[in-house]
Amino acid sequence: MKVADFHCDALSKMRIHPEMDFTADDRLDVSAKRMVQGNVKLQCFAIFLSKQLGTPNMGHILDQIDVYNARVVPNGIYPIRYAEELEQWEQEGKQGGLLALEGADGLEGNLHYLQVCFELGVRLLGITWNHANWAADGILEQRNGGFTLKGVQLVELSHQLEMILDVSHLSQKGFWELVELSEAARRPFIASHSNAYAVCDHVRNLHDEQIQAIIRMNGRIGVTFVPWFVQKGGTPSSRHLLPHIEHICALGGEHHIMFGSDFDGIEEHLSDLDHCGRYLDWAEMLLKHYPERLVRGWLYDNAVRFLRTWLPKTSKRFN
């Protein structure tokens with residue numbers, strides 16, 4: 001069973017703790033060693049600008065891109081930027097990495113910086129973290145605002161660049177505005193690490209109407225392992241993820257589910273799923289309840305099929 005995971009915060013943790021070694025540091029939920037243990041063939045590495053770094057700026061983004069290039073890629077991680085590289089990576093059977101930007105705050109309202117990030121390999125953009133920024137409101141903003149004018153321009157440029165947009169953390173109003181903009185551009189988006197609100201009513205989880213919109217657009221939903229997004233109270237384990245999966249499937253999303261663990265972005269974990277080396281145990285548990293074709297889809301195929309379609313192509317980019 002191969003695994004694709006669409007969200008971890010290892011870069012931010014390694015930026016704050018320069019002594020951490022991606023090779024096999026046990027303080028990292030995602031390391032080269034643990035990716036091998038869990039057969040994680042594709043990992044999306046988020047650039048998350050922690051409050052510990054101060055006011056978000058482009059320099060902080062560049063710092064984490066440097067962490068990726070200098071401390072992650074040399075440990076056998078094949079950097080994937082274009083559809084052709086995805087195809088080559090699959091043929092070679094290597095472990096691969098994707099770069100994502102979690103929140104546009106560090107772009108400082110400068111659309112040229114988005115172009116720079118694209119040229120440096122960033123392929124996914126989460127518009128906000130939890131709070132408002134210059135582009136849009138996050139999910140914790142009580143006013144529930146949508147996009148600013150410059151935020152709309154950010155979306156339009158992202159579509160032109162063929163950057164994949166991510167609605168995890170985006171406000172409800174922003175979500176529906178992005179649906180309109182994305183449907184007009186005929187480009188779906190993802191929710192990289194969100195669960196079903198109907199199962200666990202955390203504000204970060206997706207309402208049924210949102211899940212159905214993502215399914216209608218043929219986007220993807222990364223079921224996440226954040227304990228408080230899985231269940232309120234108690235000590236949840238991986239089996240408590242099953243109602244989220246079943247609910248999304250009941251809405252028609254069996255081919256739209258993937259996983260976005262949020263490893264290294266959380267200090268508490270599901271009791272039996274605390275780092276990416278546990279993924280094969282998770283796969284075994286899923287196989288006890290669901291057909292193999294669905295499990296393979298959720299673990300890997302659905303995510304990679306999406307990337308085959310929506311990553312930019314070098315032939316279009318450079319010809």
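Mentor: A residue counts as buried under 20% relative accessible area, as exposed over 50%, and as partly exposed in between, with a 1.4 Å probe and protein chains only. By that rule Phe259 is buried, because its relative accessible area is 0%. The model is a predicted one, in which local features need pLDDT of at least 70, side-chain atom pairs count only at pLDDT 80 or more, and totals for chains, interfaces and linings use all residues. Residues are numbered from 1 along each chain as its sequence is written, and side-chain values use heavy atoms, with hydrogens and water left out.

Trainee: How many aromatic pairs does the count come to?

Mentor: Rings of Phe, Tyr and Trp (its six-membered ring) pair if their centres lie within 6.5 Å; planes under 30 degrees apart are stacked, over 60 edge-to-face, and the rest tilted. The count comes to 14 aromatic pairs. One of them, Phe175 with Phe189, is edge-to-face, with 5.5 Å centre to centre and 80° between the planes. This pair links distant parts of the chain, 14 residues apart: Phe175 belongs to helix H7 (residues 172-185), and Phe189 to the loop between H7 and strand S7 (190-191). Helices here are DSSP runs of H or I with at least four residues, strands are runs of E with at least two, and both are numbered from the N terminus. Phe175 counts as buried at 1% relative accessibility, and Phe189 likewise at 1%.

Trainee: What kind of aromatic pair do Phe225 and Phe259 form?

Mentor: Phe225 and Phe259 form a tilted pair, 5.9 Å centre to centre and 45° between the planes. Ring pairs also link Phe225, Phe259, Phe263, Tyr279 and Trp282 into a cluster.

Trainee: Which ring faces does Arg123 lie over?

Mentor: A charge sits over a ring if NZ of Lys or CZ of Arg is within 6 Å of the ring centre and within 35 degrees of the ring normal. The charged end of Arg123 sits over the ring of Tyr82, 4.8 Å from its centre. Arg123 also lies over the face of Phe118, 3.8 Å from the ring centre.

Trainee: Which residues of H4 meet H12?

Mentor: Contact means heavy atoms within 4.5 Å. Ala83, Leu86, Trp89 and Glu90 in H4 meet Tyr300, Val304, Leu307 and Arg308 in H12.
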